[in-house]
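Thanks, everyone. Please bring the structure up on your screens, and I'll walk you through it.

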Amino acid sequence: MSEQPSESGGGNGGAAKGRCTSFKAVDWKKVWARISKFIVTNFLPLSFLVAIIWALAWPAPGKACIEVTIGGDIHVIQGINIILVFFISGLVLKTDDLAAAMKHKLGLAFGLISILFVTPCLGFALRVIPLNPPEFAAGLALFAAVPTTLGVGVSLVRSCGGNEGLALLLTVASNIIGIFSMPLWLKALLGSSSDLDSVSVDIPDLLARLSITILVPSVVGKLLRELPPFSRHVKRFTNKYKTAISMFSVVMLAMIVWQSLSGAQATLLDQQFVQILYVILLAIGQHLVYLFINFAALHFLFKLPLVDLISAGIMSSQKSAPVAVTVTSYLTSSVSKQGLIIIPAIVGQISQIFIGSALAKWLAPRVKRQKAADAAARLAAAELDGSDDAKPGLQGGIDLSTLGSRSMKSLTDTEADVEAGAAADAGPGPKGAPPILAPGTAAQ
């Protein structure tokens, strides 16, 4: 009887010791590394989420920031945030591959026409959807009129195995041309709306503001990157601190969203949940419609090579939330109206990221298999042409049956390696998962 407490105590002590040993066995460095990787990879949606929660739960700081104005309608802090976003996008923009991408004329032409002239047409249908308040429909139409993303699209194209140079060229060209096309589209989509009493589209004023806050900072950043004596130092700095710079740019964008939503907090909380749900579903549907139309046209009508098809299809289906939020601040001085209009752009940007990540899992293995097949075909052609010794039953000194056997084995082995790699990558996420960072870099 006297030994039972001791055995019980020994048992409890052993269990406690086991728990302690188990706790110590956890490699906290690896745990923190995984957490850090997750935060960096998903920094844009996480930043948006924090901005939304903060704005709705405690709007006072955001309201105080957005109420700092000059001339009554120029929001100083928000304006600084916008300028920094696009200055950074120019500062980190690498254009080394643009010259090579120019030879992909069909993909470039299709992408620009789709981004700037075809996809905005969906705005006319979105604009007449009877959402309440009407600012939700206006936000969907506005999001249709803006150009492609400044960096998210390029990252997704890279993850899918597409033509990254073509994606970058479409990004640069569409955003420059978009500064001049957006005012015209917005006038057509929103200019005659009687239900948007505080929203006005003044084309010269909008063009001037877009040039000052988007074009000029981007050009200045790019010039600093390319022109001596700063170029060497700027490139070294941006390469060394690439992730930190991208995350800072995302923080600037999140601050714009945070200020706009803080000012509209009371109005947002008054809205029916079902109306907000409609906006979320429509923003997701908008992106899916773009993907279907663009990929179908590129595959069935233009029959582009797979890597060019992926690049043109993804970039033509993306829309830029940073540009949409910037434009919204110029359409109305009403902070509550701004908060309502930017909701579709925020939802749309996040849906593009997650839908694109799912596409990468499906497309990347196919690109690898096609490249393996092309390599096997080139090897077969080289072997056929590599010898002049022609013998009966032989072609160029090579036994065709043996060659076919070797080529098929090479292709089969390569496909097996690709599928094994894809299966390994499917654990935590797709190989080369897009670094969802700055909108000007990849959220841009």
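**Notes on the fold, core and rings**

Let me start with one residue. Phe 302 is partly exposed, at 35% relative accessibility. Keep in mind that this is a predicted model.

Which ring does Phe 302 pair with? Phe 302 forms an aromatic pair with Phe 110. The geometry is edge-to-face. The centres sit 5.4 Å apart, and the planes make an angle of 65°. That angle counts as edge-to-face because it is over 60 degrees.

Where are the two partners in the chain? Phe 110 belongs to helix α7, residues 105-118. Phe 302 belongs to helix α16, residues 273-302. They are 192 residues apart, so the pair links distant parts of the chain.

Is Phe 110 buried or exposed? Phe 110 is buried, with a relative accessible area of 13%. The cut-off for buried is under 20%, so 13% qualifies. Phe 302, at 35%, falls between the limits of 20% and 50%, so the label there is partly exposed.

How many aromatic pairs are there? The count comes to 5. There is also an aromatic cluster, made of Trp 54, Trp 58 and Trp 258.

Now the whole protein. It has 21 helices and 4 strands. There are 444 residues, and 47% of them count as buried. Take the contacts with a separation of 6 or more: 82% of these join residues 24 or more positions apart.

On to the core. In soluble globular proteins, nonpolar side chains tend to be buried together. Here, the largest nonpolar core has 94 residues. Leu 190 and Val 327 have the most contacts inside it. Which helix gives this core its largest share? That is helix α11, residues 164-190, with 13 residues.

What does Val 327 touch? Leaving aside residues up to four places away in sequence, Val 327 touches Leu 142, Met 182, Leu 186, Leu 206 and Leu 210.

Last, the cysteines. How many disulfides does the structure hold? The number is 0. Cys 160 is buried, at 0% relative accessible area. Cys 121, by contrast, is partly exposed, at 39%.

Definitions and conventions: Residues numbered from 1 in each chain as written. Predicted model: local features only at pLDDT ≥ 70, side-chain atom pairs only at ≥ 80, totals over all residues. Heavy atoms only, no water. Helix = DSSP H or I, 4+ residues; strand = E, 2+ residues; numbered from the N terminus. Buried < 20%, exposed > 50% of the residue type's maximum accessible area, 1.4 Å probe, protein only. Contact = heavy atoms within 4.5 Å. Disulfide = S-S within 2.5 Å. Core = buried A, V, L, I, M, F, W, Y, C linked by side-chain atoms within 4.5 Å. Phe/Tyr/Trp six-rings, centres within 6.5 Å; stacked < 30°, edge-to-face > 60°.
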